[in-house]
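Me: I would like to go through a protein model feature by feature. Please give the general idea each time, then the case at hand.

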Amino acid sequence: FELLAGCKRSGWFFLSCSNPDVGWNWLDLVIVIFAAADAWLLPLLTSLQLGAKRGVAGSSSNLGGRGLGHTMVLLRMLRCLRVLRLAKFVKWVRPLQLLVGSIVSAMWAVLWVILLTIVFLYAIGLTAARLIGHGYLIEPQDVPP
């Protein structure tokens with residue numbers, strides 16, 4: 001509905017490069033096209049394929065079969081990108097901008113903590129391997145060959 005309303009209001013400017021929201025508008029268009037293909041095209045091809053296997057629609061040719069199913073699963077996953085449309089509201093609501101900026105800044109701090117932890121664990125692992133391997137920490141046992 002939003003896509004049709006925007007096209008009716010703006011005409012071809014809705015999808016032109018001079019529109020500041022052109023990326024979001026194209027994303028909406030692609031999602032709507034794939035959702036329509038998933039809702040209407042897949043059942044149609046499935047019924048044609050079943051009819052072809054029964055001999056009703058001519059030969060028993062495979063109309064995409066397994067490849068079509070995988071493609072439609074990918075298209076359904078693409079529909080999850082509709083959540084990205086909520087990111088448009090971040091630029092309009094100032095407190096939300098501050099919140100998202102703070103989360104991004106906190107993620108950088110978390111990244112540095114993770115990096116420091118990995119370096120620390122690596123150093124401890126090297127030290128322990130060296131001490132245990134040379135018998136400084138644990139006495140080696142006599143193991144027969």
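Me: What share of the residues in the protein counts as buried?

Reply: A residue counts as buried when its relative accessible area is under 20%. By that cut-off, 15% of the 145 residues of this predicted model are buried. The protein exposes about 11700 Å², and carbon and sulfur atoms supply 73% of that area.

Me: Which secondary structure elements does the protein have, and in what pattern?

Reply: The protein has 4 helices and 0 strands. Along the sequence, the pattern reads α-α-α-α.

Me: What pLDDT does the protein average, and which elements have the lowest and highest mean?

Reply: pLDDT is the predictor's confidence in each residue, from 0 to 100. The protein averages 75, and 70% of the residues score at least 70. Among the elements, helix H3 (residues 65-78) has the lowest mean pLDDT, 66, while helix H4 (residues 94-133) has the highest, 93. Over residues 57-64 the pLDDT is below 50; in the model this stretch has 12 contacts beyond near neighbours in sequence.

Me: What share of the contacts joins residues 24 or more positions apart?

Reply: A contact here means heavy atoms within 4.5 Å. Of the contacts in the protein with a separation of 6 or more, 49% are between residues 24 or more positions apart.

Me: Now single residues. Is asparagine 25 buried or exposed?

Reply: Asparagine 25 lies in helix H2. Its relative accessibility is 6%, so asparagine 25 counts as buried. Its C-alpha atom is separated by 7.1 Å from that of phenylalanine 14, which is 11 residues away along the chain.

Me: Why does tryptophan 26 count as partly exposed?

Reply: Partly exposed covers the range between the buried cut-off of 20% and the exposed cut-off of 50%. Tryptophan 26 has a relative accessibility of 42%, so it counts as partly exposed. Tryptophan 26 is also found in helix H2, which covers residues 22-54.

Me: Which way do residues three or four places apart in an α-helix point?

Reply: An α-helix has 3.6 residues a turn, so residues at that spacing point the same way.

Terms used:
Residues numbered from 1 in each chain as written. Predicted model: local features only at pLDDT ≥ 70, side-chain atom pairs only at ≥ 80, totals over all residues. Heavy atoms only, no water. Helix = DSSP H or I, 4+ residues; strand = E, 2+ residues; numbered from the N terminus. Buried < 20%, exposed > 50% of the residue type's maximum accessible area, 1.4 Å probe, protein only. Areas by Shrake-Rupley, 256 points an atom, 1.4 Å probe, with all protein chains shown as cover.
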